[in-house]
Amino acid sequence: MQFQKTLAFGLFALTCVTASSGPASSHDFTVGSLEIKHPWSQKAPAVAPVLGGYLTIVNTGTTDDRLLGGSSPVAERLEIHVSSVIDGVARMRPVKEGITISAGSTVKLEPRAMHIMFEKPTWYPAEGEKFKATLQFEKAGPVEVEFVVQKGAAASSDDHAGHTP
């Protein structure tokens with residue numbers, strides 16, 4: 001009888017630990033057949049006109065979808081941007097048509113490449129803090145995600161130095 005009580009308590013404790021660490025520790029979000037993996041941002045100086053957002057989108061479905069944009073309480077606007085280097089000059093431009101996520105493919109939004117741009121920040125989260133954003137997909141619709149501010153595959157602090165929203 002004591003063994004059964006001990007076993008039951010152990011299973012209960014394991015269930016509680018697993019349930020509480022599941023989605024929070026994986027930091028992934030799902031909408032339809034799209035998996036949004038580990039949204040993150042870097043700490044920005046309090047005078048930066050923008051914040052960058054990075055994540056990976058996996059389309060496990062059989063039809064293409066498109067990330068159109070979104071919104072966040074951390075900034076006045078959320079846009080999708082692409083960075084490129086042309087003739088040795090770094091350039092950044094909005095991607096007005098959005099990003100296609102083909103069926104069965106993975107798209108990475110990274111520093112110095114395609115990324116989310118939070119324009120005219122209303123506050124500057126510190127390293128370790130999190131902030132919410134809603135991403136809008138053409139077919140899957142809206143999904144609320146949470147970006148964590150961290151050191152990352154760090155872009156240099158001047159990546160957006162010449163950018164004016």
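This is a predicted model: local features need pLDDT of at least 70, side-chain atom pairs count only at pLDDT 80 or more; totals for chains, interfaces and linings use all residues.
Colleague: What makes Gly104 exposed?
Modeller: Its relative accessible area is 61%. Exposed means over 50%, buried under 20% and partly exposed in between, using a 1.4 Å probe and protein chains only, so Gly104 at 61% counts as exposed. Gly104 sits in the loop between β7 and β8. Leaving out residues up to four places away in sequence, Gly104 touches Asn59 and Gly61, where contact means heavy atoms within 4.5 Å.

Colleague: And why do Phe131 and Phe147 count as buried?
Modeller: Phe131 has 3% relative accessibility and Phe147 has 0%. Both values fall under the 20% cut-off, so both residues are buried. Over the chain, 36% of the 165 residues are buried.

Colleague: Why is the pair of Phe131 and Phe147 called stacked?
Modeller: A ring pair is described by the distance of the centres and the angle of the planes. Rings of Phe, Tyr and Trp (its six-membered ring) pair if their centres lie within 6.5 Å; planes under 30 degrees apart count as stacked, over 60 as edge-to-face and the rest as tilted. By this rule there are four aromatic pairs. One of them, Trp40 with Tyr54, is tilted, at 4.7 Å centre to centre and 45° between the planes. For Phe131 and Phe147 the centres are 5.3 Å apart and the planes at 10°, so that pair is stacked. Phe131 lies in strand β10 and Phe147 in strand β11, 16 residues apart. Ring pairs also link Phe118, Phe131 and Phe147 into a cluster.

Colleague: How many helices and strands does the chain have?
Modeller: One helix and eleven strands. These are DSSP runs, numbered from the N terminus: helices are H or I with at least four residues, strands E with at least two.

Colleague: How do you know that β2 pairs with β11?
Modeller: Two strands pair if DSSP finds at least two bridges between them. Two bridges join β2 to β11, so the pair qualifies. These strands run parallel, and Trp40 has Val148 in β11 as its bridge partner. On to β3: five bridges join β2 to β3, which run antiparallel, and Ile36 has Ile57 as its partner there. Strand β1 is joined to β2 by four bridges, also antiparallel.

Colleague: What makes a set of residues a nonpolar core?
Modeller: The members are buried Ala, Val, Leu, Ile, Met, Phe, Trp, Tyr and Cys residues, joined through side-chain atoms within 4.5 Å. The largest one here has 29 residues, of which Ile36, Leu67, Phe118, Leu135 and Phe137 touch the most other members. Several strands each supply at least two residues of this core, among them β2, β3, β10 and β11. Leaving aside neighbours within four places in sequence, Leu135 contacts residues including Ile36, Leu55, Leu67, Leu78 and Val145.

Terms used. Residues are numbered from 1 along each chain as its sequence is written. Side-chain values use heavy atoms; hydrogens and water are left out.
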